[in-house]
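Subject: Structure handover

Hi,

Here is the structure I promised to pass on to you. Have a look at it first, and then read my notes below.

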Amino acid sequence: MTALSAMDISEPTPIQQETIPLLLAGRDVIGQARTGSGKTLAFTIPLLEGCDPAVCEVQALVLTPTRELAIQVGEVTDAAAKGRGLQTTLLYGGRSARPEYAALRRGPQIVIGTPGRTLDHLRQGTLNLRSVRFLVLDEADEMLDRGFARDVEAILGYTPSERQTALFSATLPDWVATTAAKHLRQPATVEVDADLQTLPSVTHLVYSIRRDHKIGALRSLLDQRNGEAVIVFGKTKHGVKKLARQLDGFGYPVGALQGNLSQNARERVMRDFRSGDTPILVATNVAARGLDIDGVGQVINYDLPDSPQLFTHRVGRTGRMGRDGEAITFVTSEEESKWREIDRSLGVRFIRQPWNDDPELQQPTPRRSRVRRVR
């Protein structure tokens, strides 16, 4: 409670209120709540309560899909654990593993990692999970999907079968519950806002646009951002790098986040974005998952994502914790079928309008007249 007070937290969010008692009682839990709803503390508080600082063995393991999310969960965990005498170690790729070896030898009680690096340590014998009591899959839909499923399954095989397991995500497709049944024991399912695929505090605008007009439209939008932080989502690593280079050439304060960057470079980009030094972030979907960044006023889908779930996660970077946000999506003629799939799946009627083809008239609708989405 002292640590939470130092974090200016006095009241639990709905997902925390629903899941913390269940987890403290030892139940396995599947938790779904929109981005920015406080899911990290929902599992961190019970995790910390269950760890014994006198035992220098790994007692809690949190797996995340991205390095940036592992770092963020680690920061929240350290803040909430202040004064408890608990050690946390982060395991993720893109950097030397040598400091991780030393940290693991010191006997941390909590490990937060990405699947690939965590599995590397297990296979090398530098990580032992025999004493794990509490396991969390953060962004569970991605952790159990094809990209990570094999590594996650292998990691679970190193943990005791009687462990307590929690799955948390902003989106929980039906198949997740089926897959999770193999790993959880009679879980309690908590869905705080399962019917909200897009956020009520986010204003949506969808523009039909020609591909060769996208950069001009983007510049018009960025010129009207009023100092707010903006995330621009592209589809590919190369495309993000190229777009960031173009914007930098036009004089915009921009950073690029994509998977080919070294870990030091990725951390520097995120640090500069959080501090406001580069308030425009051009990113692949690596930034769509779970990152809690204060003050993002606008998300721009420069390229459409490949799934409705990714659309939800991208849009969730703005309008967090009840603050207003804005999501703008460009749809080219080549993307019409993909947009129809997203639109149909979300069950939302989006306000859509053409972007004016005349570059001199490429101005978005003024903020005051933008219409909120209709259920």
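In these notes, buried means under 20% relative accessible area, exposed means over 50%, and partly exposed covers what lies in between (1.4 Å probe, protein chains only). Helices (H or I, at least four residues) and strands (E, at least two) are DSSP runs, numbered from the N terminus.

Two notes on the source. This is a predicted model, in which local features need pLDDT of at least 70 and side-chain atom pairs count only at pLDDT 80 or more, while totals for chains, interfaces and linings use all residues. Residues are numbered from 1 along each chain as its sequence is written, and side-chain values use heavy atoms, with hydrogens and water left out.

**Overall picture**

The chain has 14 helices and 14 strands. Of its 375 residues, 55% count as buried. Contact here means heavy atoms within 4.5 Å. Among contacts between residues at least 6 apart in sequence, 77% join residues at least 24 apart.

**Helix 3**

Helix 3 (residues 39-49) is largely enclosed by the rest of the structure, because ten of its eleven residues are buried. The buried ones are Lys 39, Thr 40, Leu 41, Ala 42, Phe 43, Thr 44, Ile 45, Pro 46, Leu 47 and Leu 48.

Leu 22 belongs to helix 2 (residues 14-24) and is partly exposed, with a relative accessible area of 22%. Leaving aside residues up to four places away in sequence, Leu 22 touches Arg 27, Val 29, Gln 164, Ala 188 and Val 190.

Arg 133 sits in the loop between helix 6 (115-124) and strand 5, and at 43% relative accessible area Arg 133 is partly exposed too. From C-alpha to C-alpha, Arg 133 and Leu 61 are 8.5 Å apart in space and 72 residues apart in sequence. With residues up to four places away in sequence again left out, Arg 133 touches Gly 50, Asp 52, Gln 59, Arg 163 and Gln 164.

**Aromatic rings**

Rings of Phe, Tyr and Trp (its six-membered ring) pair if their centres lie within 6.5 Å; planes under 30 degrees apart count as stacked, over 60 as edge-to-face and the rest as tilted. A search of the whole structure finds five aromatic pairs. One of them joins Tyr 207 and Trp 355, edge-to-face, at 4.7 Å centre to centre with 85 degrees between the planes. This pair links distant parts of the chain, with Tyr 207 in strand 8 (residues 202-208) and Trp 355 in the segment after strand 14 (352-354), 148 residues apart. Tyr 207 counts as buried at 1% relative accessibility, and Trp 355 counts as buried at 4%. Together with Tyr 302 and Phe 330, Tyr 207 and Trp 355 form one aromatic cluster.

Two rings also have a charge over them, meaning that NZ of Lys or CZ of Arg is within 6 Å of the ring centre and within 35 degrees of the ring normal. The charged end of Lys 214 sits over the ring of Tyr 302, 4.6 Å from its centre. For Arg 219, the charged end sits over the ring of Phe 250, 3.7 Å from the centre.

**Helices 13 and 14**

Axes are lines fitted to C-alpha atoms, for helices over the stretch in contact, and angles run from 0 to 180 degrees between N-to-C directions. The axes of helix 13 (residues 308-315) and helix 14 (residues 336-346) come within 9 Å and cross at roughly 75 degrees. The two helices are therefore roughly perpendicular to each other (angles under 35 degrees count as roughly parallel, over 145 as roughly antiparallel, 65 to 115 as roughly perpendicular and the rest as oblique). Where they meet, helix 13 brings Pro 308, Phe 311 and Thr 312, and helix 14 brings Trp 339, Glu 341, Ile 342, Ser 345 and Leu 346.

**Positive phi values**

Glu 139 is not a glycine, yet has a positive phi of about 55 degrees. Glu 139 is in the loop between strand 5 (134-138) and helix 7 (140-143) and counts as buried at 3% relative accessibility. Gln 186 also has a positive phi, near 40 degrees. Gln 186 lies in the loop between helix 9 (174-180) and strand 7 (188-191), and at 72% relative accessibility Gln 186 counts as exposed.

Best wishes
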